[in-house]
Structures are given as structure tokens and as C-alpha cells.
Amino acid sequence: MRRILFKSKIHRATVTQADLDYEGSVTIDRDLLQAADILPFEKVAVWNVTRGTRLETYALEGPSGSGVICINGAAAHLNQPGDLVILATFAEVEEAELTAWKPTVVFVDGKNRVVPGITEEIPGPARRIA
């Protein structure tokens, strides 16, 4: 049996652009793609923390160091500059891989730069918000 597990995410990135006239996808800073182990054209879930919307699209590579998170195409109706989003990917995993499985979690600051040293989520009630 194969299971679909959470593979990686960029947590609470800030949308920098929304381009309604582009064909589709989400353009993500190359540095963030690499940090989160997301490939160009990989399926990505976009969960908008600000608006509560959810959608699926694919990733496109943006300029390295730009901090770009540009929501393209029809999805631009659901995401606007300044919105906070979570960009997540999933993978099909064999039973033998389950015990060692560990997703990649990338936390970013307000300029979509990787926050070093924070690599794991703290589940629900255990999280203390400062």
C-alpha cells in the first residue's frame, strides 16, 4: 500500500503579487523552492491564512533572493498581495518509508526569507505563540 503524506511546505509566506492575466500557477523564489524541496511544475496546495481559501496549482521558479510569491491566473481572485499563505506539497510513500518519514518545513519572515533554525512544526495545543 502507498500512502499520501505531507512532503514539504513554506509556512506563512507573504503574497507579493497576484497576476490575473497569467495562465496559472504560483511563482516562488528559487531559494524557497530549494529550501522546501519543491520542484518547478510540482503540484502545490495554496492555503490562504488571511482569507481562508484553498486551491491547488503548480510551482514556477522565480528569481533567487527576490522573495517573490506571485499567485497567477484565476487563483489571483483568491489571493492578493499582503495575504499570508502556506504552500504545501505531498508525496506517495511506500509502507517501508513510513517510519523514517520527515517532512521539510520552511518558516519565513515578512520578506519571505528563510528563518534559520526552525525546521519543525509543533502540533496544535502544544504550540505557544509569543
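In the UniProt record, an unreviewed entry, the "active site" annotation covers S25 and Y58; such positions are given in the numbering used here, feature names are shortened, and annotations may be inferred rather than shown by experiment. The two span 34 residues in sequence, yet no two of their C-alpha atoms are more than 5.0 Å apart, so they gather at one spot. The model looked at here is a predicted one, in which local features need pLDDT of at least 70 and side-chain atom pairs count only at pLDDT 80 or more, while totals for chains, interfaces and linings use all residues. Residues are numbered from 1 along each chain as its sequence is written, and side-chain values use heavy atoms, with hydrogens and water left out.

Take S25 to begin with. S25 sits in strand β3, residues 25-29 (strands, E, at least two residues, and helices, H or I, at least four, are DSSP runs numbered from the N terminus). With 2% relative accessibility, S25 counts as buried (buried means under 20% relative accessible area, exposed over 50%, and partly exposed in between, using a 1.4 Å probe and protein chains only). Not counting residues up to four places away in sequence, S25 touches T57, Y58, L60, C70, I71 and N72, where contact means heavy atoms within 4.5 Å.

Y58 belongs to strand β5, which runs over residues 54-62. Its relative accessibility is 31%, so Y58 counts as partly exposed. Neighbours within four places in sequence aside, Y58 is in contact with G24, S25, V26, F41, E42, K43 and V44.

Next comes the "binding site", for which UniProt (again an unreviewed entry) lists T57, G73, A74 and A75. These residues span 19 residues in sequence, yet no two of their C-alpha atoms are more than 10.4 Å apart, so they too gather at one spot. G73 is placed in the loop between β6 (69-72) and β7 (84-94). At 1% relative accessibility, G73 is buried. Its contacts, leaving out neighbours within four places in sequence, are D19, L20, Y22, E23 and G24. A74 is also found in the loop between β6 and β7, but A74 is exposed, with a relative accessible area of 60%.

One more residue is worth a look: T14, in strand β1 (residues 2-14). T14 has a relative accessible area of 17%, so this residue is buried. Setting aside neighbours within four places in sequence, T14 is in contact with I69, G82, D83, L84, G110 and N112.
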